[in-house]
Each structure stands twice: as C-alpha cells, then as structure tokens.
Amino acid sequence: MTPLGTDREAVPDMPNRLGLNGIEFIEYATTRPQALGHVLETMGFKPIARHRSREVMLYRQGGMNLIVNAHSEDARVSALVDEKPVISAVAFRVKDALRAHTRCVELGAWPVPSHAQAMELHIPAIHGPGGSRIYLVDRWTEFSIYDIDFKPIPGVDQHPPALAGLDYFGLVQYVDPGRSEDWIRYYETMFDFSTVPEDERYGILPKGKVLKSPCGQFMWQLIEPDPWMESDRAPENLERIGLGTPDVGQAVALLKSRGVEFIETSSLHPEDRGALTRRELGSVSFELVHRTGG
Amino acid sequence: MTMFESYSLDSRTLAGPLEARLAAIRQAGFGKVMLDARDVVSHPGGVAGAVAALRASGLRPAGLQTLHDFEGLSGPLHQYKVEVAKGMLQTCAQLGAPRLLVSASTLPHASTDLAQLAADLHKLAMLAVPLGLQVAYKALSWGQSVRGFLDAWDVVSDANCSNLGLGLDSFHMFANGDSLDDLIELEPERIFQVQLSDFMGELPEPTAPGQTTRSLRVFPGQGAHSEQLADLVLRLARLGYTGDYSLDVSNDDYAQLPAEHVAAQARQSAGWLNDDVLHRAAPLPHWTRIQANTR
C-alpha cells in the first residue's frame, strides 16, 4: 500500500473546476432563418419550439439542441457578412452557472449583458471569439431552459431521434496567425480545456491545435491560416460544427439520400474517419467525425 | 520611400494636432507610430477621428500607451482599474494597434506580492485575448516594487501567457542602474516593446517623475548615454530580438517646437541606430523585387 498523496505513476489530473458537462446548445445568427432551417432539416435537425418573445427557433435531434436566432439585433452580425449565417453562440453545461460566470469574469472574461425579458431565463454569458458568446447553463438536469423561454410547436415530437447516432463532436475556430497559443491559454484558464497530443487527431481535417473539454465530451480545434495565405484577412470566428457518429459511412449515405452534398475531391472526400459537407448559404458546413467507444 | 519601417516614434514626442504629427512622422520616414492614449481621445473627432487620421497617414500603429497603476490593487480599486483597462483595450482594438503598454504601479498601497501582480497581469492578458491584443509590461525606475526590467520579467514569467510580454525602456533601465548583463535572462520573443531615449547629463535619482527631467531627455545618439544605448541595442540584437524600436522622448522643449523640426531630429536618431549602431542591411531597391517576381 502506498501512503496517500504520492503520485507514483504521474497520472495527470484533469481539473474541471466549472463542472463542465458537454454542450447544451449551439446558436446560429442569420437574417435568412427559413433558408438555414432548410439546411438544418436536411442534416436531420427538426424544428420543435419557438421563442416566446423573439424570432428564434429551436431545432433538435438526439441530444443536440441548435438555435436559429433571427432576432433583428442578434442577426445583425450575419448581415455584416453578406447575409451568411454565423455561429453566434455556444452554451456549455456547467454545475453552477452563476459561480462559473463569476469565476470567468474574475479571471478576465468579458461579461455579456443580459437581454432577458420579463419571465425569461437569464443565462449568464461571456464574449467568445469573433463576437460570439459563450453561455453557461446549469438547468439541464431536472428541467430545461427551453421549457421557460420556448413554446413547443404543437404536434411535433419534442425528442426526435438522431440520424446515424449523430451528436456534437466539437467546434472549429479560425484564429489569426500566431494566435493559437493565446487562445489555448484562454481556454485552459476559463474552462480547463487541455491540448491533445499532436499525433492525436480526429476526422479528415487534422490541421491546427486540438483542445479537449475537461468532461471529455467535445473537442475545440484552432486553425491558423497557412503562412502563404497572406491575403487571408478574415476575422477570427467559429467556423463550423463537428458532428460525431459511430459509423461515418452510414451517416454519409443517409445524409446523401436527404440531399446533403459532400466535398469529394482526390485529397478530401468521405472516409471512415470523417467527411465534410459542402458549404450552404456561403458559410454553413458540417464535419462528420468518427466517434469511437460509443 | 520609407527607410525606417521597423522604427516608431511616440506621438507624445511631437506637438500639434494629431494629423500634423502623423504627417511629420511619416514625412521623416518612419513606418509606425506609438500612440499615446491622450492623443487619441483628445482628437476633436473622438477616437473615430483619431482612427481615421491614422488610416489616412499611412502609418501603422506600434501600440497604445499607457495603462498606469493597474496591478496589485484589491476590492473597488481593482474593479475600477479593470474598467479603465477594458476601455483602453477597446481603444487599442479600434485603432488596430497590436498591443497595450502597461507601466508598473507607482502606488504606495499596491501589493508587492509577486503572485498577486502576476495574477492581475494574467487577467489583463486574458481580457486582451478575444480582442486579438498583446500586453507589454514595463518597469518604472520610480515604481513601487517593479523598478528593474528583471523585476518586470519575473512578473511576466510568473503570469505565463503568450500574449503577455515585456516592455523595455532605456530611460528607466539606466535610471534604475539595471545591469545589461542581465539581458541574457530574457527570452527575445517575449520582448514586445523597446523604447529608447537618451539623456543630457547625469540621470536623475529614480525617485519621482519630476519636471527636472523633462527638458533633458533627447533622442538616442544625441545625449550623454549614447554608448550605453548602443550597447543595449547590440545586446538585444545578439539575444535575437528582431522587433521594433520606438523613440520615446517626452521633452518640454520639443513641445514648443514644430512637429517637422522634432521629427527631423528623430530621423537622424533612427539613422544613427540603424546605420551606425546596428549596421542593418539596407533593403534592396523596389525595382529589384519587381524583376524577381516576374521571372
């Protein structure tokens, strides 16, 4: 028996100080909610509820919640980029949203002022990359945030099953040249993300740095422009959503039958490891990633 | 024609409206300007006016200065300073400047605990990340506890953020009696800012930012400490520092002279640094690059 406190095998401890537990929802802001809704439905998402006071729709499949925000103030960001939808927010499930928010702000996060109307839920948020927001949600066990702010669409199954076992695998963030280390330090500080080794990559687009959430449920990939892409002056942004599936081949076949197109070139095409959908509406693409171990 | 792309002149070194100063800096051949926040917010058109003037000048911003007395405070004072810092970071981002310069606290009641100073600068660096900014922290010879550049380096190293680095200021290094041998301790890629100025006569006791020093600061190569300055930049070059040099000369006499006159002095100084001290290679004429590209 070894005395308590020794670390003979140097097992790294993975702190999870916010009690992070997966992604509660991802939000797109758009001035074209119908067109985006159509794209999402081909991907298997179903519209299930409307916001009580704003032009906001909740889509769902399996464990994934996806919000389409066309509320005029929030959709302005999309109007800025030629009406292309933008990933405007990600919500993390945490143990205690208020405590998590307070901790992040004490460590240097920019708080986002709440715009909740009367009887609506105040969800604390901080500014994320490129004008996006990171919400912190703790109401995901006994009841859900959507019960308060959204009205279910009558006659619609509130829990549509996921196509091909799809779930949120993670997000891809585009960063400016030389900024990966800054963002890594940021996500380590705020959320206890950790960098996965260089040889540990998922899917068919292995560039950049990959971070893992401390709950182990999702990834966060940082991609800088290549050095020769000097003309790439695009601002930092959340570029796309990664969807995990136990069987990429089955998922690709199912999605193709629904009208989803995939990138199919000699260098980039659907494989067992992953696949990338063709961009719709100028900015919306999904990356499928093979998820092992369930 | 710009000969001094990697040299900048501080906006506060010159007098007059911002547009006239920027024009004088550009005319003198500098590629960049280090902006003083007062020059930015006092523009008749506000920050937006200053941003437009900067864009029109053709100069690139080297940074925004100076956040004072930020670290080591607690309670409401800390909160107040965080709000000040956020305002300056937003101005910095509006200008498209790459970094905010922070000088060490001079407040007698500021903490001297290294861990707290580092935690406060860590917070500042985190505030800067979503805006795409860096933070450069520099020692002041009359600072509360961070007086030498090694003191500042300890804080920066302890905070350990890639967007937090060191600012060096020759005036304070010499006034504090810092040993240039200690430069070897630094990591060159973590030096974000080097400000240079010379001084007429002996340096004053590092006690307070008194008026006595104000008319005696001059451009590098024009005062009594040129040899020391040459030693400093050569050691930095040997260390592997490849960043910019900023000429920072607050001088009451210069405040009474036309901007062009002072900018011409600055140009001479940059020439001395570039040609006589660093012996930097002159860039090839433009036409050689055009030919190379068409081959």
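**Chat on the model**

A: L238(A) lies in strand 14 of chain A; strands (E, at least two residues) and helices (H or I, at least four) are DSSP runs, numbered from the N terminus. This is a predicted model, where local features need pLDDT of at least 70, side-chain atom pairs count only at pLDDT 80 or more, and totals for chains, interfaces and linings use all residues. Residues are numbered from 1 along each chain as its sequence is written, with chains lettered from A and ligands numbered from 1 in the order in which they are written.

Q: Is L238(A) buried or exposed?

A: L238(A) is buried, because 23 other C-beta atoms lie within 10 Å. The cut-offs are 20 or more such atoms within 10 Å for buried, 12 or fewer for exposed, and partly exposed in between, with C-beta atoms placed from the backbone.

Q: What does L238(A) touch?

A: Leaving out residues up to four places away in sequence, L238(A) touches I87(A), P129(A), G130(A), S132(A), L171(A) and Q173(A). Contact is C-beta atoms, placed from the backbone, within 7 Å. S132(A) is 106 residues from L238(A) along the chain, and their C-alpha atoms are separated by 7.7 Å.

Q: What is the strand order in the open sheet of 7 strands?

A: The order is 11-12-13-10-14-16-15 in chain A, with mixed pairing; two strands pair if DSSP finds at least two bridges between them.

Q: Which strands stand at the edges?

A: Strand 11 (194-195) and strand 15 (274-276) of chain A, each with a single partner strand, so one side of each has no neighbour in the sheet. Strand 11 runs antiparallel to strand 12 (residues 209-212) of chain A and is joined to it by 2 bridges. S194(A) has K212(A) as its bridge partner in strand 12.

Q: Which helix packs on strand 14, strand 15 and strand 16 of chain A?

A: Helix 6 (residues 248-257) of chain A, whose direction makes about 150° with that of strand 16 (286-290). Axes are lines fitted to C-alpha atoms, for helices over the stretch in contact, and angles run from 0 to 180 degrees between N-to-C directions.

Q: Switching to chain B, which residues of helix 6 are buried?

A: In helix 6 (residues 149-159) of chain B they are F149(B), A152(B), W153(B), V155(B), V156(B) and A159(B). They fall within an arc of 160° seen down the axis, so they line one face of the helix; the arc is that of the directions from the helix axis to the C-beta atoms.

Q: How many residues does each chain give to the contact?

A: Chain B gives 10 residues and chain A gives 16 residues.

Methods. Two residues are in contact if their C-beta atoms, placed from the backbone, lie within 7 Å.
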